[in-house]
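These are my notebook entries on a single protein chain. I set down what I looked up and what I found.

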Amino acid sequence: MQDKNSREGNKRPEYMPGQEAIPRFLAMLSGKERIELENFSMEIGDLELWIPTGPATAPRGLPAVAHQKPSTLFAETFFPHREEFVGRIHEVRLGETKAGGGSRGRSLTIGGSDYPPFVSADHPAAHTPIFALDVFDMEVPLPRVLMENVRDVVSDPAEWARMNVKKYGADMITVHLMSTDPLIRDSSPEAAARTVEEVLQAVDVPLIIGGCGDPRKDAQVFCKVSEVADCERLLLNSVTLGMTETKTLDVVARAAKEHNHAVLGFTGLELNKAKELNRRLYEYLPPEDIVMDLTTVALGYGLEYSFTIHERARHAALMGDTELQQPTISASTNAWAAREAWMKMDKKYGSRGLRGPLWETINALTLLLAGVDIFMMMHPAAIRTCKDMIRMFAEKDAPAPDGVSRWATMKI
């Protein structure tokens with residue numbers, strides 16, 4: 001007996017309870033590409049989805065689907081997005097050679113970027129990032145994994161600096177004048193200047209001069225050091241907005257300009273503060289004498305926020321924000337402030353001899369991808385790893401590592 005509704009497609013089929021309705025319903029759908037239902041309801045328990053996964057037999061009424069697993073990856077071509085930026089990072093030259101009145105073996109230039117870092121092989125970095133190793137003018141407590149590298153020179157800043165350059169390949173030396181802190185030794189500006197002179201004689205790389213953090217004392221120290229190291233193109237680390245309250249910002253800026261040095265402007269994870277500090281420094285110094293420190297926070301303690309701040313600053317600068325077009329520095333040594341980097345937790349986190357350098361390396365590599373130009377570091381292995389990664393990132397048309405596509409077929 002022929003169903004009346006099968007002859008009249010514009011009418012609803014009669015309701016047929018039970019399983020006998022399913023074959024007839026499937027027969028009605030045969031050859032149809034689209035079906036519209038009106039006044040239709042279904043209990044969710046009645047819904048059955050069938051997804052073909054292989055050569056298994058399909059449910060009754062549906063055609064069998066042949067399935068063959070692909071043996072190779074699909075060939076596809078990737079065309080990177082092309083983007084042009086209107087801004088450019090100012091170049092800052094550090095260290096002065098004898099030809100310019102200094103005593104350095106060579107000058108180093110940072111900045112100059114007009115494109116986000118390591119995004120396109122067609123837009124290589126204008127200058128390779130620089131790595132500075134730390135030296136302290138007094139013995140300070142250090143994690144064992146750091147102390148074992150410097151134990152023999154920790155009481156002699158000049159020898160410490162010499163070892164960092166000759167043995168560990170430091171591009172620059174950061175001299176931390178911790179003894180000048182009024183709450184520690186309150187060493188005089190003249191004593192600090194003598195320490196800087198000794199380091200200048202021991203090595204011929206450019207220097208970063210770090211203060212103690214007290215704005216009044218730092219101003220005195222920076223002025224004296226600037227005078228003694230006239231024309232050496234030091235990087236004075238650092239000046240802050242807090243110096244405006246003590247009226248010492250202009251003192252340091254004028255001394256830097258008079259004696260041909262650069263200054264490092266430090267702000268704490270706040271781009272508006274960084275712009276304000278730069279505006280104040282522009283009153284005394286050209287952009288070619290200013291570097292920004294936007295603050296580095298250790299892995300596990302806010303590194304992702306540091307990355308965001310540095311990335312935002314770099315993109316804003318490239319998009320035309322003239323108040324952020326300064327090269328940046330990262331104190332990646334802050335990684336050692338994280339207890340996970342140095343505490344005795346070998347059973348949980350592995351050996352401290354590897355864990356600490358990895359913590360510092362990850363800090364530096366993270367901000368390297370945000371566009372940082374100078375890194376202040378402490379562990380030689382961390383510097384070597386970062387330099388190797390930079391060479392790998394910068395290599396154009398580098399072959400893919402063997403087995404890089406295995407993730408597509410690997411089983412978990």
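Leaving aside its neighbours within four places in sequence, which residues is Ile209 in contact with? I looked this up with contact taken as heavy atoms within 4.5 Å. Ile209 touches Val175, Leu177, Val196, Phe222, Val225, Leu234, Leu235, Leu236 and Asn237.

**Entry 1. Basis.** I note that the model is predicted, that local features need pLDDT of at least 70 and side-chain atom pairs pLDDT 80 or more, while totals for chains, interfaces and linings use all residues. Numbering runs from 1 along each chain as its sequence is written, and side-chain values use heavy atoms, with hydrogens and water left out.

**Entry 2. The whole chain.** I counted elements as DSSP runs, numbered from the N terminus: helices are H or I of at least four residues, strands E of at least two. The protein chain holds 14 helices and ten strands. Of its 412 residues, 44% count as buried; buried means under 20% relative accessible area, exposed over 50%, and partly exposed in between, with a 1.4 Å probe and protein chains only. Among contacts with a separation of 6 or more, 71% join residues 24 or more positions apart.

**Entry 3. Cores.** I then turned to the nonpolar cores, each a set of buried Ala, Val, Leu, Ile, Met, Phe, Trp, Tyr and Cys residues joined through side-chain atoms within 4.5 Å. The largest has 72 residues, and Trp160, Ile173, Val203, Leu207 and Ile209 have the most contacts inside it. Helix α5, residues 189–202, gives the most to this core, with six residues. A second, separate core has 16 residues, including Ile110, Leu235, Ala262 and Leu264. In soluble globular proteins, nonpolar side chains tend to be buried together.

**Entry 4. α5 against α6.** I fitted axes as lines to C-alpha atoms, for helices over the stretch in contact, with angles from 0 to 180 degrees between N-to-C directions. Helix α5 and helix α6 (residues 215–228) pack at about 45 degrees, with axes 9 Å apart. That makes α5 oblique to α6; under 35 degrees counts as roughly parallel, over 145 as roughly antiparallel, 65 to 115 as roughly perpendicular and the rest as oblique. The crossing of α5 past α6 is right-handed, a term used if the near helix is turned clockwise from the far one by less than a right angle, and left-handed if anticlockwise. On the α5 side the contact is made by Pro189, Glu190, Ala192, Ala193, Val196 and Glu197, and on the α6 side by Lys217, Gln220, Val221, Lys224, Val225 and Val228. By class, I find seven nonpolar, one polar and four charged residues in the contact of α5 with α6; Ala, Val, Leu, Ile, Met, Phe, Trp, Tyr, Cys and Pro count as nonpolar, Asp, Glu, Lys and Arg as charged, and the others, Gly among them, as polar.

**Entry 5. α6 against α8.** Helix α8 covers residues 249–258, and its axis comes within 9 Å of that of α6, crossing at roughly 10 degrees. That makes α6 roughly parallel to α8. Ala219, Phe222, Cys223 and Ser226 of α6 meet Val251, Val252 and Ala255 of α8. The contact of α6 with α8 divides into six nonpolar residues, one polar and no charged.

**Entry 6. α4.** Why is helix α4 (residues 157–166) largely enclosed by the rest of the structure? Seven of the ten residues of α4 are buried, so the helix is largely enclosed. The buried residues are Pro157, Ala158, Trp160, Ala161, Met163, Asn164 and Val165. Their cover includes β3, α3 (144–150), β4 (172–176) and α5.

- Ser179 lies in the loop between β4 and α5.
- Ile309 lies in helix α10, residues 303–318.
- Thr361 belongs to helix α13, residues 352–368.
- Pro117 sits in the loop between β2 (108–110) and β3 (130–136). Pro117 and Leu368 are 251 residues apart in sequence and 7.9 Å apart in space, C-alpha to C-alpha.
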